[in-house]
Amino acid sequence: MTTQPLETPIAAAPRPPRQKSRFNGGRVGLWVFVGIACFLSLVPFYLMFVWATLPSEKIFAVPPNLWFGNAFVENLQKMMEATNNMALRQFWNSLYIATLSTVTTLFFCSLAGFAFAMYDFKGKQYLFGFILITMLIPPLVMDIPSFLVMNNFLKWIGTPRTLWVPGMANAFGIFLMRQYIVSALPKSLIEAARLDGASEFGIYTRVVLPLIRPILATLGVVTFVGSWNNFKGALIMRLSEDSTMTLPLSLRKITGGASNVNADWGATLMMVVLTVIPLLIIFLFASRQVISGLTSGAVKD
Amino acid sequence: MQECVPLPTSPPRRRWSYDRFQQRFAPYIFTSPFFILFLIFGLFPLGFSLFLAFHLWNPLDGLGNWRYVGWENFQLALGAPDQFWVSLKNTVWIGLLSGVPQHLVALPLAFVINQALRRYQGAISTILFLPYITNAVAITIVFGMLYSENLGLLNYALSVVGLGPVRWLAVPDLVPVSVAVVVFWRYVGWNVILYLSGLQAISEDVYEAATVDGASNVQKFFYITLPLLRPMMFYAFTLTIVGNMQLFEEPFIMTGQGGGSGGTALTSAMHIYNVAFRDLDMGYSSAMAWLLFLAIFVLSMINNYLFSRGGGRS
């Protein structure tokens with residue numbers, strides 16, 4: 001370093017080349033560390049796909065079978081039997097709830113987020129502060145009284161509504177939308193649209209919505225995944241008939257919990273795959289949206 | 001010509017006032033869904049739950065047929081023989097078993113990815129994030145199969161190196177560990193992502209300066225990364241605490257409603273669920289839910305205190 005002081009002012013203009021050789025020794029170690037982490041993250045997924053194609057008696061075997069078998073169709077049939085032919089119906093139930101949940105959340109949260117971002121109105125700070133505070137309520141405290149409201153007041157127990165209506169306009173979504181709109185849309189845009197004679201709701205549908213597509217994708221994916229994975233909610237709201245169950249509930253029913261030795265493993269694994277595949281597909285196409293959506297709560301300041 | 005004439009007041013005025021009306025009230029109308037929903041599905045239930053905590057009530061008896069019992073529900077929960085303390089202990093233990101290693105692994109992992117493997121960061125974080133978005137029920141079943149005593153993959157792997165079969169889900173002391181492994185597996189990647197987004201906020205110049213001064217990677221980690229990552233660590237710790245204290249799905253699926261042999265994986269959330277929906281004792285379970293809320297609050301405050309104490313110096 002001491003022999004090159006003359007060179008540095010000259011080299012300062014172009015970007016100095018990365019000293020790749022610096023890591024040569026430790027680099028292998030780093031790759032091993034990260035490689036093991038990635039490997040362990042993926043193994044359970046690999047196993048569930050392999051197992052779903054193995055006949056039930058070969059799923060548990062010594063030595064274990066670690067390559068795909070040809071019992072895929074057989075397991076599919078077993079799964080249909082184990083669920084009284086309701087597996088696809090249950091898939092639809094999950095899809096129906098997740099879709100409604102996503103569409104309504106996107107609409108109400110973006111509308112409220114737009115209002116908080118673009119209007120100056122009396123009590124705005126308090127209302128927004130209040131919304132943020134509600135995020136601090138642990139969901140667990142709400143479980144029992146939510147059930148009672150659905151059961152004793154609204155008589156909604158056992159219906160899909162119990163799962164998508166309460167969260168339609170939620171604090172996280174409103175917060176996410178508001179942050180994005182504040183940073184992405186200039187207020188002058190709104191004023192220009194207003195001068196052109198657009199109504200306030202027209203501004204929302206025709207000006208704002210098309211411009212906030214990226215954040216809509218983010219919130220949409222996050223909401224969909226959250227709803228798809230919601231097990232406790234469906235359990236508490238008693239979507240317990242074969243025809244009303246969501247996939248996670250049905251999955252628990254056919255295994256009776258992971259420790260149940262009597263479960264048909266071929267059928268179970270097929271259902272595991274059926275539950276996980278939509279998530280994998282979504283994630284494959286929208287991993288960036290999911291990641292940015294879920295971490296955006298972290299970068300408030 | 002007509003533009004010069006003063007506009008007639010009455011017809012445009014009605015239009016104008018409607019415009020004003022909708023302009024003035026639009027923000028209130030646009031934000032009202034949240035408040036209406038929160039009133040019905042948030043505020044009212046919260047109040048009702050607080051009310052029930054001081055009553056004895058079976059929901060099958062119908063509304064109104066409750067009996068005021070004062071602090072009895074809370075006393076019952078905190079009294080020595082009750083399961084609530086045990087469940088709280090289980091919850092904290094599983095929380096520590098999964099939470100501490102989570103951060104001990106995620107921090108250096110994020111550091112390494114950020115320092116040396118940045119080019120592959122997208123692919124790596126996608127892989128590591130996959131467990132987090134996966135269905136908890138589905139993945140817990142897969143782990144349950146790995147734990148199988150005689151035919152599970154884990155015990156097979158152990159037998160290859162000559163170790164005897166471990167009864168992962170049968171030995172009471174081991175069940176919390178088995179559950180914690182699933183929780184650990186699900187959330188490590190999530191924490192890596194959080195730390196990565198925190199690391200990206202740290203300017204490259206700081207590291208370059210340290211390199212010029214001859215700092216090693218380990219030194220950079222302890223003297224630059226850790227101090228500058230404090231806010232993100234605080235956030236990640238808070239999420240872990242709040243999440244782990246409400247742990248439900250993994251132990252519920254892995255061990256069944258009772259928390260496995262010896263009930264060592266019976267978390268507070270499971271216990272509250274059982275008392276509410278199996279025993280139909282809504283008052284008692286509500287009281288315990290509020291006690292758990294209090295426990296979460298206290299732990300978050302301790303976390304907050306620990307982070308703010310050292311934070312004042314910078």
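This is a predicted model: local features need pLDDT of at least 70, side-chain atom pairs count only at pLDDT 80 or more; totals for chains, interfaces and linings use all residues.
1. Basis. Local features require pLDDT of at least 70 and side-chain atom pairs pLDDT 80 or more, whereas totals for chains, interfaces and linings use all residues. Residues are numbered from 1 along each chain as its sequence is written, with chains lettered from A and ligands numbered from 1 in the order in which they are written.

2. Interface. In chain A, 70 residues are in contact with 75 residues of chain B (C-beta atoms, placed from the backbone, within 7 Å). Of the side of chain A that touches chain B, H2(A) supplies the largest share, 12 residues. By class, this side of chain A has 52 nonpolar, 14 polar and 4 charged residues (nonpolar: Ala, Val, Leu, Ile, Met, Phe, Trp, Tyr, Cys and Pro; charged: Asp, Glu, Lys and Arg; polar: the others, Gly among them).

3. Helix pair. H6(A) packs against H9(A), residues 171-184, at about 130 degrees, with the axes 8 Å apart (lines fitted to C-alpha atoms over the stretch in contact; angles run from 0 to 180 degrees between N-to-C directions). Ile131(A), Leu132(A) and Thr134(A) of H6(A) meet Ala171(A), Ile174(A) and Phe175(A) of H9(A). This contact has 5 nonpolar, 1 polar and no charged residues.

4. Phe21(B). This residue lies in helix H1 of chain B, residues 10-52 (helices are DSSP runs of H or I, at least four residues, numbered from the N terminus). Phe21(B) is exposed because 10 other C-beta atoms lie within 10 Å (exposed: 12 or fewer; buried: 20 or more; partly exposed in between). The C-alpha atoms of Phe21(B) and Asn58(B), 37 residues apart along the chain, are separated by 49 Å.

Terms used:
Two residues are in contact if their C-beta atoms, placed from the backbone, lie within 7 Å. Helices (H or I, at least four residues) and strands (E, at least two) are DSSP runs, numbered from the N terminus.
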